[in-house]
Every structure is written in structure tokens, then in C-alpha cells.
Amino acid sequence: MRLNHHRAGHLLSAYLDGELSPQDAAGVQEHLLDCAACREAYERLRTTKALLGELPPAEPPAEFWAALRAPQAPPRRRTAGRAPAAPDVSIWRGLTIVRRPAWALAAILLVVALAATPLIKGTVDRLHATEIGVDLYVREHAIQMGTGPLADRAYLGLVATDADLVLVGETPRAGAAGP
Amino acid sequence: MPARALAAAAAAVLLGATADLAAPAPPAPPIDATRVVEMALEAPRLIDYEGTKVITALRGGRTETVTVAESHKRPNMMRLEYLSPEDVAGRLVVDNGTIAWHYEPRLNMAFEDQTVQQRLLGHDLTLLRRNYLLTLLGTDEVIGRQAYVIALVPRGAGVRRQLWVDRATGTVLRSEDRDPSRGVILTAYFSRVSFSLNLPEALFRFRMPAGARVFPMRTIEGDSMSPAALAKRVGFPVLIPTVLPEGYTFRGGAVSRFGSLTSVYLRYSDGGNLISFFEAPAGSIGWPAFGQPVRVGASTGRFIDLGYFRVLIWEQHGLRVTAVGTAPTETLLAVAGQIDTAREQALVRDVAHRVESDPATVRQLRGEGLTFPEIARTLVLAHQLGTDLGTTVQFVRGTLALREVAQRLGMRPEALRQTVREAVRRASAISPVVPPSGGGRPPAPLPHP
């Protein structure tokens, strides 16, 4: 399946993550062979994701491990002259999650994902900007030109709507700003 | 271009058409090209119409013909329903004078934008008359109606326009845009039109189709900001064209925001055509995958010929600059090549020295978007006429006609005309080089960067 430049650009991230159907993946692969801009975008995205992958595992604070080991730890020493301290219910409530390692792992992954979101989003936005620059500017120009005396606004309206569609990721009509 | 020829062109532009000096209009003025243009500009305020228009335009290396049902309600409502070709059939543009909707039926998508028609009603004929030679070619018949035929030929390089203006209503029945190097690039004519209808307002109200996805497209902030104000708003420096084709002057600046992309938008107009400059930090936007590599000054850029529009993209001072317009390719390349941040301060000092002004004033005028030739002209004129800078800038920019300045100064227009001519000659001799005009050949190809 042959993909156009805009469609392929939108699928790059999913392609890198192996989330595409074999048909779409083949389409992206084929497009990458032909399109230098998408290759460049693909490399930038790959590098960003690789950098994220190289981040050292987040070291939890010491209290985390202490709390994790707490159930196996020997009973607390009694304080002289005082009744044994009752278990700190509030702490145990708060640490319920750490008694379930799968949940803990999921929580850590969620935190990492949230922290990385702006970085990935910024990259994706820039990739999108790469695609939309010309269309955005031609749109603004056409709209402004339509305010000029004696300009043909029916034609300029057509150009502006063509650009609108590209800006939201749709395939441009033949002959619109694009390859 | 020799300095004498340049001065003559600049003087012609500043002094404008002889109509500038004419006495107040008599009750029934004889028809001439200027009067026909005025009729065409007034028509939208006076009349409703609906008709079918056929547009043929150069688009992406081929010619495309589009048919559209066009309705207009005075003063500023518009409805466009595209009928053919198939891939635009049913597409709708509805502008109620406040909000403009673009609707794509194929995808059930609606795009909402604020209307920019207000400026249409406040158009400035002075600049058009200064920069274009307006000629009444005669009369012709269009779909059985009598029409005046006028030609608008730019005094500099650029697209010339021919209009068939309805004698009875002033509506443009037919138009033709001709590029100096490529011939006709756009024709539009009504194949059917009805006038004097009181079209219902409901026709200009957009009704959202069920399930349509709506995309707000209000990408422009501000409209008439100066480059200095824009730089403060966006936090990156703004490049101002050093020189432009004669007659083009700054008409306003804005911020364009779309997603993470923030750009500065500078508009330069000669009254009939527009060159748009968009500037964004180079890292925030990539090179398009298409277009032709070209040399811009000492670096490489990308030239894209869209047919009716031409686009030139290059990098300067850490900014990605994109110029869009119908100006000839060589003009765009020359304008781009003249923007040189390294020379900016030297030019400021040089022009200040030559016109016996201080660099701070020159810098201030640059911050208002004036090119160096405009600054030289402004300062020389202000000195010779004794006018304040604000008034002189308005005159140089064409928002103040020669007749109005003469009235303010209590001078005879003819005497003022002579003074202006001398001032322009002097200013032109001390201005930086102006880009060559004419031509429009495609740029010489470069190896892919």
C-alpha cells in the first residue's frame, strides 16, 4: 500500500513502536525509502525514544524500600515503660500499593510516562510543524489576500480550505501545497 | 537599476496618479479608470447578488477549473458553495461578517475562523492608485451585461490585473490575473448572476451538520502590530526586509500560532498585491519535503511554485523565514538575499549619517517595519517639509495622499509635488540597493542540501 507524505508522517511514531498493521508498516517503510524529510523525522523520533530508553531506572527513595521491607522486619523494640506502639494504620494504608509489586511497577511506569510526555509531545509537535509549515502560511496569506480590494475570494477560500484540511492531517487534494 | 531610474520610479509611486491632485469630485464625474475602480470597491456595500462563477487557476503545475455558487449580501456577508470538480463539490464557505466557516462535506469537518472582511470595507485606494497604472480599456459585454474593462498594471514588477466591471452595479463580472513570466494565472467570471435581490440572512448563517467535527482555526493574534511589538510578544528577534520592490510597504504584523508552532507574520502590500513574511525559530519547523533548492544570499533555501502562489523558504539568524506571494521569483529571491542581519547595524548607522539623522530614529523606524529606502525618504521629506515623523511615515506608506498633506501644510499640491520629487531623488541616491524588478524565471537549481 502506498502512503502519501502526510499520512506516513502521522504513522511514524506508531511504526517505530511496532504498533502498525503489517500493511501500514509496509506502506511507511516504502515511503521512508522515497522521502528524505520523513527519514529525517523518523531518525529524530527514534533518537528521542532511544534516549528515553537509556534513562537509568528511577531509584526510589530510601523510605520506599524501608516501607517495602517493613512486613518482614522484626517487631519494633518496645519503648521502656510504654505500651507497644500500635501499627501505624495510616502508613499501611498508604503503602498498600507496595505490597503488590505489579501495581508498584505500573505506578512507576506511569510516573515515567507522564514525565516523558512533554518531551515526546514536543517532538511530535515539531514533526507535525515540519509538515504543516507551508500549508499554514499559504492559508494565512490566502485569507489576508482575500481582504485586498478586488481579490477573488472564491478562489482564495478554496485555497484556505484545502490548507485547513492538511492542517488537521487530511490528505491534500491533487495540486495543493505538497509533493 | 540606475539611481536615476530608481528615483523616477519612487517619485512616481509617491506622487501617485494625477487623480491625487485633482479638485474635489464634481456631482457627475466623467467615467475614468479610477472611478471604475471606486465603483468596484463600493459595490459590495450597495448590492446583493447571487450567481455561478467559473474560476480557472494555475495550481501545482496544471490548470484547474472550479465552479462555485457565490452569494453576497451587503455589506459583508458571503456564501460560497463549490459545485465542481468532484473533489470539492459540496464544500462550503459561509461568512456572516463575524465568523467564517469552512465546511468539508466529504469528511464532515467544519473549520471556524474569525472573519477578516472588515478590512475589505476600509480599503485604501491611495496605495493602489500610487502603485498601479489604471487604464480604462473600453467596454465589453459579459453574460449580456455591459461592463467597463480596466487594466491595473503595477508600476514595479508583479501581477497585472484586468477587470470587467458591471456598468450598472459596479460588481466585478470577470477578472484576469496575468503574471509577467507565465501568462494568465487566474481567470474568474460569472456564467450567471442576479442582482438587486434582498437575499435572506439565513443563507449566510452556517448550520452545523449533525455529527460534524469542529476545528477552531483562529490562528492569528493581533493584526497591526509593529515588528518591535511582535519581537516583545514572541520572545525572538524579528527580521525586517531591508528593501522591497518599489511600492510595497508594511501593512501590519501579527502572531500566528498553530499547535507548538509560533510564527511572526509581517504583511507588505502595494495596494493590489501582498507579500507575506512568516518567521519562526529554525528549530521549531523543518524543511518541507518538496520544492526546489535555491541560493538565498550566502545560504540555501527552498523555492516552491504552487501555481498562483510562490513560496520561498530560507534560514537567517536562527529563524526560518517563509515568503509567500505572487511576486516574481527573482524579486522574492532578491528580497530574501537582501535581509542580512550582519549588515543591519551598519546600514542603520550609514543611513542615519547620510540623511543627517540619529541612529536611534532610524532604528525606531525599522522597528515600525519600514525598509531602508522608505526610512531615507521619510527622513529627507520630514526635514524638507518640516512635517512630524508620524505624518511623514503615513505619507510614505500611502495612508495619506499628497492632496491631504498639501492641505495640512497649506501648500499648493503642485509645489508639494515638486518638493517630494526632489526629496525622493535625494533619498534614492543614499538608499541601499533595491532588488531587480521584472523577470520571473524559475531559479537556477542547486544540488539538494
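Predicted model: local features only at pLDDT ≥ 70, side-chain atom pairs only at ≥ 80, totals over all residues.
Residues are numbered from 1 along each chain as its sequence is written, while chains are lettered from A and ligands numbered from 1 in the order in which they are written. Local features need pLDDT of at least 70 and side-chain atom pairs count only at pLDDT 80 or more, but totals for chains, interfaces and linings use all residues.

**View 1. Chain A has seven helices and zero strands.** Helices (H or I, at least four residues) and strands (E, at least two) are DSSP runs, numbered from the N terminus. From that end, chain A reads α-α-α-α-α-α-α. Of its 179 residues, 32% are buried. Buried means that 20 or more other C-beta atoms lie within 10 Å of the residue's own; exposed means 12 or fewer, and partly exposed is in between, with C-beta atoms placed from the backbone. Take the contacts in chain A with a separation of 6 or more: residues 24 or more positions apart account for 61% of them. Two residues are in contact if their C-beta atoms, placed from the backbone, lie within 7 Å.

**View 2. Chain B meets chain A.** Here 63 residues of chain B are in contact with 45 residues of chain A. Which strand gives the most to chain B's side? Strand E2 (residues 62–73) of chain B does, with five residues. By class, this side of chain B has 39 nonpolar, 13 polar and 11 charged residues. Ala, Val, Leu, Ile, Met, Phe, Trp, Tyr, Cys and Pro count as nonpolar; Asp, Glu, Lys and Arg are charged; the others, Gly among them, are polar. For the complex, the predictor gives an ipTM of 0.88 and a pTM of 0.74.

**View 3. Strand E10 of chain B pairs with E9(B) and with E11(B).** Two strands pair if DSSP finds at least two bridges between them. E9 (residues 160–166) joins E10(B) over six antiparallel bridges. B:Gln162 has B:Glu176 as its bridge partner. B:Glu176 also stands opposite B:Thr187 in E11(B). E10(B) and E11 (residues 183–195) are antiparallel too, again over six bridges. Both pairs are hairpins: five residues lie between E9(B) and E10(B), and three between E10(B) and E11(B). In the five-residue turn, B:Gly170 has a positive phi of about 85 degrees. Six of the eight residues of E10(B) (residues 172–179) are buried, so this strand is largely enclosed by the rest of the structure.

**View 4. Eight strands of chain B form an open sheet.** The order is E13-E14-E15-E16-E20-E19-E18-E17, with antiparallel pairing. Strands E13 (220–221) and E17 (292–296) are the edges, each pairing on one side only. Within the sheet, seven bridges join E19 (residues 310–316) to E20 (residues 319–325). B:Arg310 stands opposite B:Gly325 in E20(B).

**View 5. Two domains of chain B touch.** An automatic or database domain assignment sets the bounds: domain 1 is 30–215 and domain 2 is 224–449. Their centres, taken over C-alpha atoms, are 28 Å apart. In contact are 26 residues of domain 1 and 23 residues of domain 2. Helix H4 of chain B gives the most to domain 1's side, with five residues.

View 6. pLDDT is the predictor's confidence in each residue, from 0 to 100. Over residues 434–449 of chain B, pLDDT stays under 50.
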